[in-house]
Amino acid sequence: MDGLKIEGGKPLRGDIMISGAKNAALPLLCLGLMTSDKLVLKNVPRLADTMLMEGLLRHHGVTVCREGEIVTMQGGATQFDAPYDLVRKMRASVLVLGPLLACYGEARVSLPGGCAIGTRPVDLHIRAMQGLGAVVELADGYIQARASKGLSGGQVVFPMVSVGATENALMASVLARGTSELVNAAREPEIIDLANCLNAMGAKITGHGTDTIKIEGVTDLHGATHSVISDRIEAGTFAIAAAMTDGDLTLHHSQGHNLDALLMVLRETGATVTESDNAIRIVANGRPAAADITTDPFPGFPTDLQAQFMAMMCIARGSSRISETIFENRFMHVPELLRMGADIQVDGGVAMVRGRDALSPAPVMATDLRASVSLVLAALTVTGTSQISRIYHLDRGYSKLEEKLGKCGATLQRVKAA
Ligand code: EPZ
């Protein structure tokens, strides 16, 4: 398993081209199940996770061709079983459930199992399918769903905000008979992107981006060409990297309005943030001041940036209170940051971080995607050599990370594990 050797202590200065959003691309790829026409997706990042999803779609019989960052799909699905050995590798595989049910009236999808950051149940996905008229059973570790007469529109009320369950319900409802309403729906930009692509394919969706989405069912969907929105979490990751290395980065192809919660906090820590219509520039002003955050569904502070922000608070002036409200075990980066000399105390979902003048280099281990990148950011602030093992986690969500950071003055080298 590869590792990453990092020589830190230098400010990040320059320009980074932000890639397409992993968490928009994954549900968008599932739309290849929903039409036999040609569906062309542009700006699809080359990541381990998107490649896994493309493999799952091929398993379902979809013709999938990738040229650079353009993925072309055609033919629709011919089989409706998503097996454990594919689903267990990536939780987002559960997003084939809604499309398969909507188009073929049946789906057998393995329960995804948990992951490092939590048990990650799918009960809200199942309730949404039932709310649209599907009969769902759990047997042998699989979700077995049927809608032999097709899905019927209805109201789906989510007891808690769920990005994936909103996406599954949205994809299922567009071909249901009659109208549907998703209440307490997720408002993430990735939901808006998915709805925009579905509307380009002939769906009739309104209210996406608010907490109530209305869908008027149609009989079928046709092909389209759609460009994936840019990755706000990648952009946020690099924005934090600039602020914590006394740097100056301009992030291209990124929109500030998708990162308001983070940009507000970065300004509070002392960084100068300027936004244009397609770029964000972050200029640090010395060592950042501490600030508190609480993660929340969009438009609140993204849970996917919590680990990165914690790494920054480890070298901040003052103390920071970090509250993680979305996942029950998303502090896996804490033990590794402690190895680098951080001062962090965890009590349930709250971490108290006392900023230190500097961290120290140490060998550390990546555990999940965002924890991994928080260790990269911490190592970039440290004078000396740090080594991060198990960086396959990074490859799931960050394309060309070494190249992008290397062009801005960082020294990162991929090494074979000893
Ligand atoms: C999506 O995961 C993202 N993944 C996650 O990003 C992100 O952290 C999360 O949304 C929250 O923003 C993709 O889009 C592929 P949820 P998802 O359903 O849909 C609970 C990354 O690093 N829940 O909004 O799985 C769940 O356990 C990844 O890129 C249920 O209880 O998240 C969690 O506590 C990590 N039952 C909360 O809801 C359900 O049926 C929010 O989860 C579904 C979810």
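**What the labels rest on**

Biologist: What makes Arg414 count as partly exposed?

Modeller: Arg414 has a relative accessibility of 31%. Buried means under 20% relative accessible area, exposed over 50%, and partly exposed in between (1.4 Å probe, protein chains only), so Arg414 at 31% is partly exposed. A word on the source: this is a predicted model, where local features need pLDDT of at least 70 and side-chain atom pairs count only at pLDDT 80 or more, while totals for chains, interfaces and linings use all residues. Residues are numbered from 1 along each chain as its sequence is written, and side-chain values use heavy atoms, with hydrogens and water left out.

Biologist: Why is the pair of Asp395 and Arg414 called a salt bridge?

Modeller: The closest N and O atoms of Asp395 and Arg414 are 2.9 Å apart. A salt bridge is a side-chain nitrogen of Lys or Arg within 4 Å of a carboxyl oxygen of Asp or Glu, so the pair qualifies at 2.9 Å. Asp395 lies in helix 13 and Arg414 in strand 24 (residues 411-416), so the pair ties together parts 19 residues apart in sequence. Helices (H or I, at least four residues) and strands (E, at least two) are DSSP runs, numbered from the N terminus. Asp395 is partly exposed too, at 27% relative accessibility.

Biologist: Is Asp49 buried or exposed?

Modeller: Asp49 is buried, with a relative accessible area of 3%, whereas Arg396 is partly exposed at 26%.

**Between the domains**

Biologist: How is the protein divided into domains?

Modeller: Domain 1 is 3-15 + 231-415, and domain 2 is 23-227; the bounds come from an automatic or database domain assignment. Their centres, taken over C-alpha atoms, are 31 Å apart. The contact (heavy atoms within 4.5 Å) takes 20 residues from domain 1 and 18 residues from domain 2.

Biologist: How much area is buried between domain 1 and domain 2?

Modeller: About 1500 Å², and carbon and sulfur atoms give 52% of that. Buried area is the accessible area (1.4 Å probe) that two parts lose on being put together, summed over both. Arg232, Phe298 and Arg396 supply 35% of the area that domain 1 buries against domain 2, more than any other three residues. The count of salt bridges between the two domains is two.

Biologist: What makes Arg232 count as buried?

Modeller: Arg232, found in helix 8, has 10% relative accessibility and therefore counts as buried. Its side chain makes a polar contact with the side chain of Glu190 at 2.8 Å. A polar contact is a pair of N or O atoms within 3.5 Å; within protein, one must be able to donate a hydrogen and the other to accept it, and residues adjacent in sequence count only if both atoms are side-chain atoms.

**A buried asparagine**

Biologist: Why is Asn168 called buried?

Modeller: Asn168 has a relative accessible area of 0%, so the label is buried. Asn168 sits in helix 6 (residues 163-173). Leaving aside neighbours within four places in sequence, Asn168 is in contact with residues including Val94, Gly98, His125 and Met129. A polar atom of the Asn168 side chain lies 3.0 Å from the backbone oxygen of Val94.
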